[in-house]
Amino acid sequence: MALLVVEGVSKSFGALKAVDDVSFTVEAGEIFGLAGPNGSGKSTLFNILTGIPFGPDRGRISFDGVEIHAMSGHRIARLGLARSFQRETSFESLSVWENAVLGAAYGHGSGSGDDTVAEALTFVGLDREHWGRPSNELSVYDRKALMLAAALAMQPRMLLLDEPAAGLTKPEVDAFILLVRRIAERGITIVLTEHILTFLMSLSQRLLVLNQGQILTLGLPDEVMRDPRVVEAYLGSRRHDS
Amino acid sequence: MGATGDIIFSGLFQGSLYAIMAVGLALIWTTIGVFNFAHGALMMIGAYATWSAVDYLGLPLPLGLFLGVAASGLIGWGLQVSLIRPFIGRDDIVLMVVIMTLSAASFFENGALELWGPRPKQLPPLVEGTVNLPGLIVSAHQLAIILISPFILAAIWYLLHKTRFGLQLRAVAQNEEASQLVGLNLKALYGIAFALSAGLAALAGIFLGGFKFMSPVMGSDPLLKAMVVVIFGGVATISGPILAAFIIGFIEAASSYYFGLYWTPAILFLVLITTLMIRPEGLLSTPTRRLS
Amino acid sequence: MTALIEIEGVETGYGRVKVLHGLSVELQEGANIGLFGPNGHGKTTLLRAVSGLLRCWSGSIRFLGQEIANLSPRRIVEMGLIHVPQGSRLFPELTVGETLALGAQRKEARPEQAKNQEQVLAIFPKLRERWRQRVSTLSGGERQMLSIGMAMMNHPRLLLLDEPTLGLAPKIKEELAVAIHKISAEGVPLIVVEQDVEFLLDLTSRLFLVSHGVVERSIDSEHPLGHEDIMQMYFGH
Amino acid sequence: DTVKVGLLVQLTGASSADGQEIVRGAEMAIEDMNAAGGVNGDTFELVIGDTKDGAAGDVALAVERVLSDSDVHFVLAGYASLTGFEIDDMREADMPYMLAGPSGQTAGIISPDPDAYWCCWSLTPSFDAYNTDVTLLAEDLAAEGKIELPNKKVALISSDNAYSNTIHDGMVKQFTDNGWDITVDEVVPFGEVNDWRTILAKVRQDPPDLVINLDYLPANSASFMNQFMEDPTDSLVFLQYAPSVPEFVELTGENSNGVLYDLLGGVLNTPKNPRAAELNDKFKEKYGVESGTYGIGIYEMLNVYFDAVDKVGDPTDHEAIGKAIGETSKQVAEGRLEFDPETHLAKQGDEYFPIQFYQIQNGERVLIRPEQYATGEFQLPPFMKMDE
Amino acid sequence: MTYNRNKWSWRAEALALAVGTLVLAMLPAVFGDTYTRHMLIIIFIYALAAASWDVSLGYAGIFNFGHMALFGIGLYGYAILTKQLDLNPWLAFVLAGGLSGLAAVLMSLPILRLKGIYIVLVTFGFSQLVMTLIVSQSDITGGTLGIVRIPTLPIAGHNLIRDGKIGHYYMALTLLVLGLVALRVFVRSKAGLSVVALRDNEEYATSRGISLARQRLLTLLVSSLVAGYAGAFYGAYLRTAATDVFGLSLTTLILSIVLLGGIGTIYGSVVAAALLVVASEMLANLGPWRPMLIAVLIVVVMLAYPGGLMGLLRAAMPTRRQPTAKSGRAASSEPVET
Ligand SMILES: Nc1ncnc2c1ncn2[C@@H]1O[C@H](COP(=O)(O)OP(=O)(O)OP(=O)(O)O)[C@@H](O)[C@H]1O
Ligand SMILES: Nc1ncnc2c1ncn2[C@@H]1O[C@H](COP(=O)(O)OP(=O)(O)OP(=O)(O)O)[C@@H](O)[C@H]1O
Ligand SMILES: [Mg+2]
Ligand SMILES: [Mg+2]
């Protein structure tokens with residue numbers, strides 16, 4: 001059975017239907033890409049899935065067989081659905097270590113020990129000398145990595161990454177691709193959005209394209225990207241296959 | 001008739017007074033995002049400065065009123081430069097400003113005690129005498145306040161929402177860096193916001209001083225009331241507090257008639273808390289949640 | 001041809017940490033330049049120093065022949081040098097419409113307000129749809145559009161763009177490139193900081209690699225660089 | 001030697017006007033005594049213990065500060081704390097202490113074991129007469145034909161504080177016992193009252209013969225009177241305490257004409273008690289303003305103490321001093337001072353500290369009761385009318 | 001592991017606390033007079049009231065303006081249980097703190113969903129309601145008359161009345177140390193971290209599995225227990241309970257102590273309480289000049305050291321890095337002349 005089942009979810013802000021009757025499923029272990037023009041509802045969809053800060057107006061979501069569309073955000077997180085935010089986020093007055101430790105303390109693997117935390121931090125490349133530093137002193141890349149480490153410390157089943165590579169240099173993007181792959185290899189299901197096509201294309205095994213809150217198409221990345229409607233709404237006339 | 005007239009008049013009067021007291025406070029909140037705990041002290045300074053001008057120097061009331069508002073405005077500007085400005089842009093500005101302005105309030109109140117002495121004083125009313133309304137006899141001073149307030153409030157609303165200056169005022173504290181990059185004059189804007197707020201405080205103080213005794217601590221109760229009004233009204237706009245002021249004025253007037261003044265604060269807070277439970281972001285603010 | 005802006009030997013940093021170690025760049029009238037390089041090596045810091053947000057410890061910055069190092073941001077803006085910062089939150093409680101109106105702040109921008117607004121909305125039609133929405137609820141990309149739109153409202157004589165494509169979808173990115181071309185063709189030169197080197201090459205005539213707080217290398221766009229070269233540059237040190 | 005005298009007083013905050021007057025009264029007494037050569041060669045010096053806003057912690061700090069000075073041999077206060085808890089501190093420190101705080105609390109602490117409290121004496125007499133005598137006065141005036149009581153209705157407004165609450169409860173009992181109808185019985189929260197209009201609306205709905213406001217804060221009381229006069233009813237108006245504050249008349253102007261108030265332990269300013277006028281003039285001459293109750297009260301407390309020192313001879317013998325104070329029998333500005341051995345309050349009654357009724361007439365305070373001290377006659381307030 | 005932001009290990013902190021306690025324990029030998037001892041006792045009580053407030057206000061960022069009502073409930077709880085119900089004072093003491101905790105739970109229910117400044121209104125309203133309740137139930141609470149002659153906390157075989165306040169001094173010191181330890185253990189625990197995390201970024205914290213409502217409740221509970229015990233001890237020591245604890249002036253004083261000490265430090269409250277009480281006593285005879293000078297003192301300290309007195313102490317010890325409280329991004333730009 002699919003790990004995540006989304007059925008007919010919608011979310012409106014006033015007259016604007018930010019997410020409009022969206023249904024799809026994500027299989028355990030896959031890397032599922034989400035694309036679409038700016039304002040097409042990708043982040044809103046992430047919000048709805050995680051209940052942070054709001055759930056859907058309508059529709060059903062089940063995660064690993066549990067209905068989560070009416071659950072509060074922290075409970076969904078504890079079920080093993082971890083997310084990152086569009087801008088690199090951290091608890092600025094806490095150290096790197098403390099940022100990660102919270103994931104372990106309250107997350108899915110609630111109560112897992114310091115080992116998990118240390119492992120998660122090292123895994124993303126934040127080694128011991130960084131652990132005592134205030135998180136707001138980290139470089140952009142390290143902050144993104146920390147956000148991942150904190151999520152990993154939760155021992156999640158599924159990770160939602162909202163534009164994780166934005167603002168990175170080319171080599172950093174490449175490094176981040178490797179990192180995400182290695183996370184997927186640990187058996188964690190990943191859903192991600194990204195406008196940097198290299199990132200999106202080299203990671204996604206299936207790609208969903210949203211437009212104005214509705215599903216435009218869903219399929220294999222290469223096919224999807226050739227779809228004229230996707231070119232029209234999202235890619236634009238010039239080729240972006242770099 | 002009888003009581004209904006009294007309740008309406010009292011509600012209008014208290015609402016006007018609360019609105020004038022609260023709008024100055026709200027001005028600082030909606031622009032800089034802090035509460036000025038010296039707002040009550042600025043009220044007091046305005047009233048005392050006017051008293052000095054009128055009673056001590058023998059100037060006519062309108063001139064005294066102008067001097068009082070100006071004095072308070074000047075002090076407000078100074079307060080902003082010395083105590084608020086250094087903390088703008090810090091995450092903990094709200095708490096820092098609490099302590100800075102509390103200290104300032106204590107300084108002003110005790111300074112006034114030293115300067116003007118503890119004996120109660122009173123200002124002349126704006127208009128002497130009483131007015132006969134149908135079924136109701138009221139003091140001309142109170143009626144004058146009810147009639148003047150809408151103009152003041154409308155002017156403030158217009159200034160904030162319909163002028164470029166108001167747009168700048170609302171923008172400046174939301175993002176200081178972006179304000180600098182668009183070319184706003186931060187010092188002037190903050191200064192003017194504070195001076196304006198202090199001037200409004202002074203006006204409220206002068207209105208109050210015209211119908212009850214003045215003392216160096218005359219501002220502390222009104223300050224609390226004004227804070228309640230501002231928070232209840234919602235902190236995003238200036239019209240929220242104005243509406244809230246009149247709602248609270250009417251609740252007080254009605255409940256003090258029907259339940260007694262003693263239970264009025266309790267009833268008021270129950271109403272406010274219930275409202276907040278239903279609308280957790282204040283009376284007039286938009287209810288949608290968003291990522292911060 | 002005279003230099004529009006000359007940056008010479010600028011040193012600055014945060015607290016006691018020096019970030020720029022005597023950086024020099026100049027931009028000729030009618031040309032655009034691009035800055036790129038590894039993260040955290042001082043590109044944003046340079047733009048902040050130019051627009052007056054950060055004090056210059058030493059060195060000089062001349063804009064239109066006038067020394068502007070350590071002038072207030074307001075005076076620098078008034079001269080027409082407009083900086084679009086990286087990933088700005090903008091004014092969270094203002095609406096899109098208000099933000100654009102606020103953007104027309106310079107004396108020269110006021111009379112052009114209506115015209116500039118039309119131009120901005122032509123480039124970013126999305127903004128017209130979101131006209132009454134508060135900035136804090138905009139999507140990441142919409143905010144980026146607004147940020148650039150707001151700068152255009154201020155009738156710039158020189159635009160500093162810090163990672164303008166951050167978070168923009170490919171199509172918008174392309175439209176932005178076209179729009180920026182148009183803006184610079186109308187006589188507004190640009191200094192663009194960007195990670196997407198293709199985008200930069202497309203826009204500008206000269207590229208500078210900023211690394212360790214100095215200009216490490218400059219590249220003429222007549223000799224475009226391949227992907228390999230660029231990777232080498234990033235990893236060169 | 002120099003004997004230090006501790007004074008507990010609020011120098012800042014809402015009660016600082018009283019505080020200033022208290023300090024002045026104490027200074028005046030000590031200056032007078034020292035100028036006269038002191039008592040048996042001892043001169044006196046004032047040590048001020050600022051109780052700030054009168055919060056318990058601040059009062060306790062001031063008490064400790066004053067007590068920590070080993071040269072302090074006497075402490076006095078107008079009122080120190082809300083509860084009078086410092087009386088126990090004084091007892092434990094064996095320190096003679098005089099106060100003029102609310103009588104209920106003082107008596108409540110002392111009367112279970114009066115002898116153990118040889119230290120502590122109150123210039124405030126029992127407030128019982130406050131509870132009863134307003135009723136009696138109104139009935140008395142009616143009996144004399146000076147007013148009419150066609151409906152025997154009374155509107156009673158009180159404020160939620162210890163002082164007003166006690167009087168309120170006593171009055172309710174007295175009026176009910178005497179067959180009055182209480183048409184309005186309102187308690188307002190203690191603190192500023194912005195607008196009396198809705199309460200006055202209730203009063204006006206059923207105009208009573210008597211309107212009483214026990215809120216003693218001068219600011220509230222004055223605005224009550226001003227608002228009452230916007231549309232007065234044909235009622236006798238009685239206000240507790242506030243009209244005795246010097247500024248009251250000045251600030252209400254003509255509106256206060258006809259108002260009644262009473263005082264217990266207040267200065268008995270009448271030709272029959274020349275000491276009051278003498279001290280009043282002296283105070284006014286020295287400070288340029290009139291004294292209220294407290295300035296002169298403190299002056300007299302210190303003089304009671306000086307007498308005790310004179311009698312005992314040794315100011316450091318605290319117990320003897322305390323007891324000597326308790327034996328005082330002397331004509332003071334408030335009347336004849338003797339202490340009740342059960343409660344340690346000043347005795348109340350026409351021959352001791354009488355309850356004094358005043359009416360404001362043309363801006364002057366006229367003493368109308370007790371008869372033997374009266375300086376004038378009751379006059380029908382301008383807003384009342386007699387039928388016929 | 002000690003990768004915490006203030007590089008201040010458990011062991012080092014415990015040692016410092018022990019040394020501090022020892023120094024305070026020896027003070028009565030230096031100050032024989034009851035006045036100084038009384039001052040110290042008051043400092044300890046104020047410090048506890050402030051330090052416990054620091055947990056909800058400083059660490060959790062909850063704008064809780066009802067804190068002194070929780071202190072007042074401890075005070076009145078103790079007074080009523082001993083005076084009206086004749087309970088054993090020690091039992092009453094234990095229960096009084098619990099009552100305060102219970103009240104905190106009640107108070108927190110309506111604010112679990114609220115954000116930022118709206119909490120001020122509810123908590124302030126809560127404290128007003130508590131006061132109205134206490135005033136109106138005068139048969140039990142003494143109403144506006146208050147309650148006097150509350151029994152002290154007895155120590156077997158020791159007379160507290162004429163012992164030069166030595167008994168009360170050590171009780172207060174014990175309470176202070178226990179309270180500080182409890183608060184520090186809380187803020188250093190993972191729960192304490194989660195509370196800071198919620199303050200820093202509510203959504204992000206939620207996404208890490210932290211429940212806003214639960215942690216808020218927990219914070220207020222911890223903070224109210226300590227405040228409640230401080231209040232109960234205040235009653236046992238001064239032997240009087242009056243409604244002035246709900247008044248603005250005490251709230252202002254304690255709030256000044258929290259902020260002057262440095263928010264998010266706990267220990268700062270002790271330093272600030274000492275400074276404010278001592279300064280205020282030294283200037284005691286200056287009338288209105290006293291509060292004016294104190295105001296100037298506070299303003300000058302806060303302008304020079306926005307981290308409060310703890311910030312000042314830390315600046316004096318250059319090896320220790322910035323701590324807990326939101327350090328702000330003040331250093332991020334040096335505003336040029338605008
Ligand atoms: N709280 C809100 N109130 C009103 N409109 C909102 C709110 N939140 C989002 N929107 C609108 O909903 C639409 C979808 O936003 P969303 O953030 O999901 O876009 P997105 O696909 O993530 O875009 P981007 O790629 O630019 O990040 C946008 O037009 C946005 O302005
Ligand atoms: N507010 C600040 N306080 C202290 N150091 C800072 C601050 N902002 C930036 N720095 C430091 O200055 C250096 C240069 O940063 P800058 O933002 O200029 O880099 P950049 O080249 O723009 O990088 P990016 O590509 O990530 O935007 C970095 O090492 C960074 O850590
Ligand atoms: Mg998005
Ligand atoms: Mg940058």
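Visitor: Where in chain B is the place of B:Leu63?

Guide: In this predicted model, B:Leu63 sits in helix α3 of chain B, which spans residues 61–84.

Visitor: Why is B:Leu63 called partly exposed?

Guide: The relative accessible area of B:Leu63 is 39%, and the class of partly exposed residues lies between the limit of 20% for buried and that of 50% for exposed, so B:Leu63 is counted as partly exposed.

Visitor: What makes B:Leu63, B:Phe66 and B:Leu67 a nonpolar patch?

Guide: A patch takes residues with over 30% relative accessible area and joins nonpolar side chains, Leu and Phe among them, within 5 Å. B:Leu63, at 39%, passes that limit on area, and together with B:Phe66 and B:Leu67 it forms a surface patch with about 280 Å² of accessible area.

Visitor: Which protein donors does the magnesium ion that is ligand 4 have?

Guide: They are C:Thr44, through OG1, and C:Gln86, through OE1, lying 1.7 to 2.2 Å from the ion. C:Thr44 belongs to helix α1 (residues 43–50) of chain C, whereas C:Gln86 lies in the loop between β6 (81–84) and α3 (96–103), 42 residues apart. With a relative accessible area of 26%, C:Thr44 is partly exposed, and C:Gln86, with 31%, is partly exposed as well.

Visitor: What lies 2.5 Å from an oxygen atom of ligand 1?

Guide: A polar side-chain atom of A:Thr44 does, and because a polar contact is a pair of N or O atoms within 3.5 Å, this pair qualifies. A polar side-chain atom of C:Glu142 lies 2.7 Å from an oxygen atom of ligand 1, and for C:Arg130 the corresponding distance is 3.5 Å. The protein covers 93% of the 640 Å² of accessible area that ligand 1 has on its own.

Visitor: Between which chains does ligand 1 lie?

Guide: Ligand 1 lies between chains A, B and C.

Methods: Residues are numbered from 1 along each chain as its sequence is written. Chains are lettered from A and ligands numbered from 1 in the order in which they are written. This is a predicted model: local features need pLDDT of at least 70, side-chain atom pairs count only at pLDDT 80 or more; totals for chains, interfaces and linings use all residues. Side-chain values use heavy atoms; hydrogens and water are left out. Patches are made of residues with over 30% relative accessible area and no salt bridge: like charges are joined within 9 Å, nonpolar side chains (Val, Leu, Ile, Met, Phe, Trp, Tyr) within 5 Å. Accessible areas come from the Shrake-Rupley method with a 1.4 Å probe; for residues, only the protein chains shown count as cover. A salt bridge is a side-chain nitrogen of Lys or Arg within 4 Å of a carboxyl oxygen of Asp or Glu. Helices (H or I, at least four residues) and strands (E, at least two) are DSSP runs, numbered from the N terminus. Buried means under 20% relative accessible area, exposed over 50%, partly exposed in between (1.4 Å probe, protein chains only). A residue is near a molecule or strand if one of its heavy atoms lies within 4 Å of it. A polar contact is a pair of N or O atoms within 3.5 Å; within protein, one must be able to donate a hydrogen and the other to accept it, and residues adjacent in sequence count only if both atoms are side-chain atoms. Donors are N, O and S atoms within 2.8 Å of the metal (3.2 Å for Na, K and Ca); water is not among the atoms, so sites may look incomplete.
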